[in-house]
Amino acid sequence: MYVGNLPDGCTETELEQFFGEACIAANLNKQEGSPVTSFWLSSDKKYGFCEFRSPEEAGTSLELNGIYLKDKQLKVFGSLCAEADLFRSADPTTSLPPSRMERVFRWVCC
């Protein structure tokens, strides 16, 4: 998931821990422990991407949009890859329902 509007001085380790703990506190994790597996921080440290152990937990973590960290309200958005993983199945002819395609379009284009 994309995370923007990060406060100055954050590290990847700090952000990985923050999002893991926030998911647990909000009961967004589907299994025991932190759902966050890694966090990548951009070179300017203004945005990053949080990786989750499952597409379902990545999807529920979108509820963290607007959460505060060090007096900054974070922008949390899904990614096209996470959305596509939610609908990947053994049947290669399966496609995203129209309502989901609209959400994907908004995430990518807006």
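Q: In what order do the elements of the protein chain run from the N terminus on?
A: This is a predicted model. Its elements run β-α-β-β-α-β-β-β-α-α. That gives 4 helices and 6 strands in the protein chain.

Q: And how much of the chain is buried?
A: Of the 110 residues, 33% are buried. The chain exposes about 6,800 Å², with carbon and sulfur atoms supplying 53% of that area.

Q: What share of the contacts join residues at least 24 apart?
A: The share is 58%, counted among contacts between residues at least 6 apart in sequence.

Q: Core next. Which residues touch the most other members of the largest nonpolar core?
A: L15 and F19 do, in a core of 20 residues. Helix 1 (12-25), strand 2 (36-41) and strand 3 (47-52) each give two or more residues to this core.

Q: Which of those gives the most?
A: Helix 1, with 5 residues.

Q: What does L15 touch, leaving out residues up to four places away in sequence?
A: L15 touches L6, C10, F39, L41 and L69.

Q: Switching to rings. How many aromatic pairs are there in the whole structure?
A: A search finds 8. One of them is F18 with F19, an edge-to-face pair at 5.2 Å centre to centre and 85° between the planes.

Q: Are F18 and F19 buried or exposed?
A: Both are buried. Another edge-to-face pair is Y47 with F49, at 6.2 Å centre to centre and 90° between the planes.

Q: How exposed are Y47 and F49, then?
A: Y47 has a relative accessible area of 29%, so Y47 counts as partly exposed. F49 is also partly exposed, at 36%. For both, the value falls between the 20% limit for buried and the 50% limit for exposed.

Q: Which residues do ring pairs link into a cluster?
A: Y2, W40, Y47, F49 and F77.

Q: One more residue: E57. Where is it?
A: E57 is in helix 2, which covers residues 55-60.

Q: Buried or exposed?
A: E57 is buried, because its relative accessible area is 1% and the cut-off for buried is under 20%.

Q: What does E57 touch, again leaving out residues up to four places away in sequence?
A: E57 touches L28, N29, K30, Q31, P35 and F52.

Key:
Residues numbered from 1 in each chain as written. Predicted model: local features only at pLDDT ≥ 70, side-chain atom pairs only at ≥ 80, totals over all residues. Heavy atoms only, no water. Buried < 20%, exposed > 50% of the residue type's maximum accessible area, 1.4 Å probe, protein only. Contact = heavy atoms within 4.5 Å. Areas by Shrake-Rupley, 256 points an atom, 1.4 Å probe, with all protein chains shown as cover. Phe/Tyr/Trp six-rings, centres within 6.5 Å; stacked < 30°, edge-to-face > 60°. Core = buried A, V, L, I, M, F, W, Y, C linked by side-chain atoms within 4.5 Å.
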